[in-house]
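My entries follow the display.

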Amino acid sequence: MAGHSKWANIQHRKGRQDAVRAKLFSKLSKEITVAAKMGDPDPDKNPRLRLAVKEAKAVSMPKDNIERAIKKSQGGDAENYDEIRYEGYGPGGVAVIVEAMTDNRNRTASNVRSTFSKNGGNLGETGSVAFMFDRKGQIVYPASVGDADTVLLAAIDAGAEDVESNEDGHVIWCADTDLGAVSSALEDALGESESTKLVWKPQTTTELDLDGARTLMKLIDALEDDDDVQNVTANFEISDEVMAEL
């Protein structure tokens, strides 16, 4: 995906802030609780929970937090969350997918709609932009695990579909249904990944100028700031020159 590494850099830069980290832990805890409640509380018997725990460990979420989130799923007072996907357009016609988990659909829909309209976007119907993305498994490794050829061979052996390598690292793509099997095979070959998750991969991207990038970042930041929002994906690309000015 064009622009992936730049977007990863933006996320990484934001990820160093304590407030963002606390919010990230909260969102990961919610995913762990929901995954454990929907299936088995043992990650070895529950693929979705296993991925959620792996993602939490990748951002150094404390083991106590992970165990507490799993335990919460087994208590009688565990909240019931609905998983909802919102779709819309941001500044410059950029397509945006918002994934949420909520115990109050009306509150979340109202907040998401308001956030779009206040930040130069428009909330659309379900299905209005999802056709521009593919649901894929994404596995990220640091550059230090090996050169492009080494990682490509490991990915082919693991059953992956594509690999993108640059100085920032390696991004391995696979079918969404193969993520568990591919990530396990890669772990045997390359060790622990930096990130393993299901994502919406844009089929095409829209390049933004500085003003467009700033406005879109404001929209994405505002959406991510909502406690009900789990993930935000957009099909944009930012040049290195614009990135340096952000």
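Entry 1. I looked at the negative patch first, and helix H9 (residues 240–245) gives the most to it, with three residues. I took helices (H or I, at least four residues) and strands (E, at least two) as DSSP runs, numbered from the N terminus. The patch is formed by Glu-167, Asp-168, Glu-207, Asp-240, Glu-241 and Glu-245. Patch residues have over 30% relative accessible area and no salt bridge, and like charges are joined within 9 Å.

Entry 2. I noted that the model is predicted, that local features need pLDDT of at least 70, that side-chain atom pairs count only at pLDDT 80 or more, and that totals for chains, interfaces and linings use all residues. Residues are numbered from 1 along each chain as its sequence is written, and side-chain values use heavy atoms, with hydrogens and water left out.

Entry 3. I looked up Glu-207, which lies in strand E8 (residues 206–208). Glu-207 is exposed at 52% relative accessible area; buried means under 20%, exposed over 50%, and partly exposed in between (1.4 Å probe, protein chains only).

Entry 4. I then turned to salt bridges (a side-chain nitrogen of Lys or Arg within 4 Å of a carboxyl oxygen of Asp or Glu). The count comes to eleven.

Entry 5. I checked Arg-107, which forms a salt bridge with Asp-228, the closest N and O atoms being 3.0 Å apart. Arg-107 lies in helix H5 and Asp-228 in the loop between helix H8 (210–224) and strand E9 (229–234), so the pair ties together parts 121 residues apart in sequence. Arg-107 is partly exposed at 33%, whereas Asp-228 is buried at 7%.

How values were computed. Patches are made of residues with over 30% relative accessible area and no salt bridge: like charges are joined within 9 Å, nonpolar side chains (Val, Leu, Ile, Met, Phe, Trp, Tyr) within 5 Å. Accessible areas come from the Shrake-Rupley method with a 1.4 Å probe; for residues, only the protein chains shown count as cover. Lys and Arg count as positive and Asp and Glu as negative; His and the chain ends are not counted. The place of a charge is taken as NZ of Lys, CZ of Arg, CG of Asp or CD of Glu.
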